[in-house]
Amino acid sequence: MGIGTTTLLLLLALAPLGLLAFRLGRGKAIANMAAGISMHSRPQQYGWYSVVWMGMPALGVALAAAVLSLLGVISPARELVLLVSVAVAAIGLAHGLRAIRPEVRARNALDNVVRYLLMGAALISIMTTIAIVLSIVFEAMRFFREVSVWEFVTGTVWAPGDTFLEAAGRGDEVEEGTSFFGSVPLFAGTFMVTAIAMATALPIGLLSAIFMSEYATRAQRSIAKPVLEILAGIPTVVYGFFAAITVTPIVVDIAEFFGLDASYSNILSPGIVMGIMIIPFISSLSDDVINSIPQSLREGAYALGTTHSETIKQVILPAALPGVISAFLLGVSRALGETMIVVMAAGVRPNLTWNPLEDMTTVTVNIVYALTGDQAFDSPMTLAAFALGLVLFTVTLMLNLVSTYLVRRFKQKYD
Amino acid sequence: MQRRLTGSADDPRIRSRYRTESRFKAYTITALFVAFAIILAFFADIITQGYSAFWRSEIQVTLDYNERAERVGQFALQEELREVVSRGAVRSIPLEIRNNPELAGSTREVWVPVYSRVDQYLKGNEELDPELAPIVDRLAEEDRIRNVFNWAFFTSGDSKLPEMAGIFSAAVGSILVLFVTLMFAFPIGVMSAIYLEEFAPDNKLTQLIEVNINNLAAVPSIIFGLLGLAVFINTFGVPRSSALVGGLTLGLMTLPIIIISTRAALRSVPDPIRLGAFAMGCSRWQVVRDHVLPLSLPGILTGTIIGLAQAMGETAPLIIVGMIAYIPDAPTSIFDSATVLPAQVFTWASEPRKAFVEKTGAGIMVLLAILLTLNAAAVFLRRRFERRW
């Protein structure tokens, strides 16, 4: 019996019991009231009260059994767990019905049950974060047991190539020192693509935001804003296709026109397309920030005789700077973690260069390549993906924290 | 001589300031137009790449169910047509004859799809073998080739033969994955939001949860893929490539989006409604269930649709959990290996054959149509049910 069928059977067994519990609980309360006894809560609340007594212990037993068998402490037969849970449900039902007395505050008890249920749901978000950190750190640790942190951080050669032989149990065929895990070329590629993306997105995004918030009429704004936001709803795989099929040949042609030699997996075109993707993030965040600057600042500047653009450059933008920086950092964090565009349009060859027309590879590309092949899960190459993921997670997390901090400071200043 | 007033319109300094002013305004307008031009070019490009995949060429052939065709379907065709007709169209003839023995020896006239390179040639995308091209030209002149709407693109799954490949199995995969995502993220997201907005005391734990949720929303999606791989597949043994693991991974990713938008919806319900309900003697849960939730439902649904649209377009985490498998037949349960629309687009995009480029474009058009519809539905919901208090 699979875990799915067991769960299904358990729920199928508990559902009618739940209905029964509700009916009986409510019935008993109604009977009591009819007999002239004044009850604390409404009848249906006693109904729900007995449902809780029936269901909670039974589900608790099933959950505990599931957790214990996952941890490998004991592994009871699923049929046994099912039987015990249903038995516990029956006992709980009997107890719940007996507990229906005038002085029992079913309503308050229900409120508490609901409160704890909701709190449990909210804790899942924390558990997700802990799971991310633990799972990535744990696998990354296994990687760093084989490769020194120093080599990973400062090494300039990334050549995990031969580790698949090790994974295939042919480790002795690998010559000592043929795998290199120096991540510098990957991070160089990631920073290059991020720099190109931000160089594209920041001017277009910021200037569009200035137009929309300072110059545009209400009607122009109500068209421009949603149109720009279409860009935010386009899946990254589509941008990747656009970069690889359309932008790269254009870039190569233009480079050729100027007598330059561009690779067909150059880092420039994914950078530009990534910039296009980030435009709406910059424009709508900056637009919000510029709009929230008090009108009095503008009026003060006008009163001193400044033109509109002087007001913008000398008053509005300095005031909006924390918000704009925060939008910029969020954009950077998006660009660092962006995967599909670079997987489809950038190269796979680690290459340390300053020339954006050459092919470079990035951190995310290597995570994808390490995890999509037929690698054993504990091969160094797979584990290296987790080490890269750990760095990526840490960097983006810090960018986000700084960015939210800046926004909060900005809001405190003007709200 | 009278001194010109400073600040008058012909003061050269003023004029230069005005020029700066109009130049700056022109920059901002240019930026916006560049963005618009990019959007236009983008859609025009995708449509020109992809629209031709919605049509396909079919050829009229006489299938001859002879003895050799019982073993290899190709022999049911006249010799000169064997290179023109799609192999996929005659692949199943031996099986057909085995299932219906009375077919043997008979002939039948049918329209079948042509070989992908011939199709590309007829669409003007690609050159064809010099031996094959005259045959195709002659057949076209004899009106034995027609161009019809490619329904098969919507009704068949992936195939190694471009003329047979369709998005059906990927679409089913997407629906299954989104179903799992919704089942996981919607209840937990809404419950968390209710807790944080209506029940939680303002203490350290609550603040920790809040910071957490905001940061989770900005974690790169590929990190969720690593999480799904390490936790769901390696620790809990959920089958790799299944809609279940994809849905759970995307569920974790969608969770913060749903929580944040649900909280905004709950916050927009004014306090007097809560106070009125409390004054009537409702418990906190009754206030939330009977008054706050119904009023904020449109906002919650809007946020959920936006979150799902985002999940639907996501590829990177799904690749990490193995959802780029070759799936010719639609999955029937959430435990089967499956692929999703964007992953299918990715698979086709990495195919070198020209015929797959138009498939990729067409797949993207379908994906974008679905996503734009979802987002439009969200906007409509918000406009229709938004209440100003």
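Mentor: Start at B:Gly281, which follows helix 11 of chain B and has a positive phi, near 90 degrees. Helices here are DSSP runs of H or I with at least four residues, strands are E runs of at least two, and both are numbered from the N terminus. One caution: this is a predicted model, where local features need pLDDT of at least 70, side-chain atom pairs count only at pLDDT 80 or more, and totals for chains, interfaces and linings use all residues. Residues are numbered from 1 along each chain as its sequence is written, while chains are lettered from A and ligands numbered from 1 in the order in which they are written.

Trainee: How many buried residues does helix 11 of chain B have?

Mentor: The count is 0 among its 9 residues, 271-279, so helix 11 of chain B is hardly covered, where buried means 20 or more other C-beta atoms within 10 Å of a residue's own, exposed means 12 or fewer, partly exposed is in between, and C-beta atoms are placed from the backbone.

Trainee: And what share of chain B is buried overall?

Mentor: Buried residues make up 46% of its 389 residues.

Trainee: What's the secondary structure count for chain B?

Mentor: Chain B has 15 helices and 3 strands. The 3 strands form an open antiparallel sheet in the order 2-1-3. Its edge strands are strand 2 (107-113) and strand 3 (145-149) of chain B, each pairing on one side only. From one strand to the next the twist averages 35 degrees. That angle is between N-to-C directions and runs from 0 to 180 degrees, with axes as lines fitted to C-alpha atoms, for helices over the stretch in contact.

Trainee: How many bridges join strand 1 of chain B to strand 2 of chain B?

Mentor: There are 7, between strand 1 (residues 55-64) of chain B and strand 2 of chain B, in the antiparallel sense. Pairing needs at least two DSSP bridges between the strands. One partner set is B:Asp64 with B:Thr107 in strand 2 of chain B.

Trainee: And what about strand 3 of chain B?

Mentor: Strand 1 of chain B and strand 3 of chain B run antiparallel and are joined by 5 bridges. There, B:Trp55 has B:Phe149 as its bridge partner.

Trainee: Switching to the interface. How many residues does each chain put into the contact?

Mentor: Chain B gives 69 residues and chain A gives 68. Contact means C-beta atoms, placed from the backbone, within 7 Å.

Trainee: Which element of chain B gives the most?

Mentor: Helix 1 (residues 12-50) of chain B, with 19 residues on the side that touches chain A. By class, that side of chain B has 51 nonpolar, 13 polar and 5 charged residues. Nonpolar covers Ala, Val, Leu, Ile, Met, Phe, Trp, Tyr, Cys and Pro; charged covers Asp, Glu, Lys and Arg; the others, Gly among them, are polar.

Trainee: Now chain A. Is it compact or spread out?

Mentor: Chain A has 15 helices and 2 strands. It is more spread out than a compact globule, because its radius of gyration is 31 Å, well over the 22 Å that the globule rule gives for 415 residues. The radius is taken over C-alpha atoms, and the rule is 2.2 Å times the number of residues to the power 0.38. The C-alpha atoms of chain A fill a box of roughly 95 × 80 × 35 Å along the principal axes.

Trainee: What does the domain assignment give for chain A?

Mentor: Domain 1 (3-142) and domain 2 (180-414). Such bounds come from an automatic or database assignment. The C-alpha centres of these two domains of chain A lie 47 Å apart. Their contact takes 6 residues from domain 1 of chain A and 6 from domain 2 of chain A.

Trainee: Last one. Where does A:Leu352 lie?

Mentor: In the loop between helix 13 (340-345) and helix 14 (363-372) of chain A.

Trainee: Why does A:Leu352 count as partly exposed?

Mentor: Because A:Leu352 has 16 C-beta neighbours inside 10 Å. Leaving out residues up to four places away in sequence, A:Leu352 touches A:Thr156, A:Val184, A:Pro185 and A:Ala188. A:Leu186 is 166 residues from A:Leu352 in sequence, yet 8.2 Å away in space, C-alpha to C-alpha.

Note on methods: Two residues are in contact if their C-beta atoms, placed from the backbone, lie within 7 Å.
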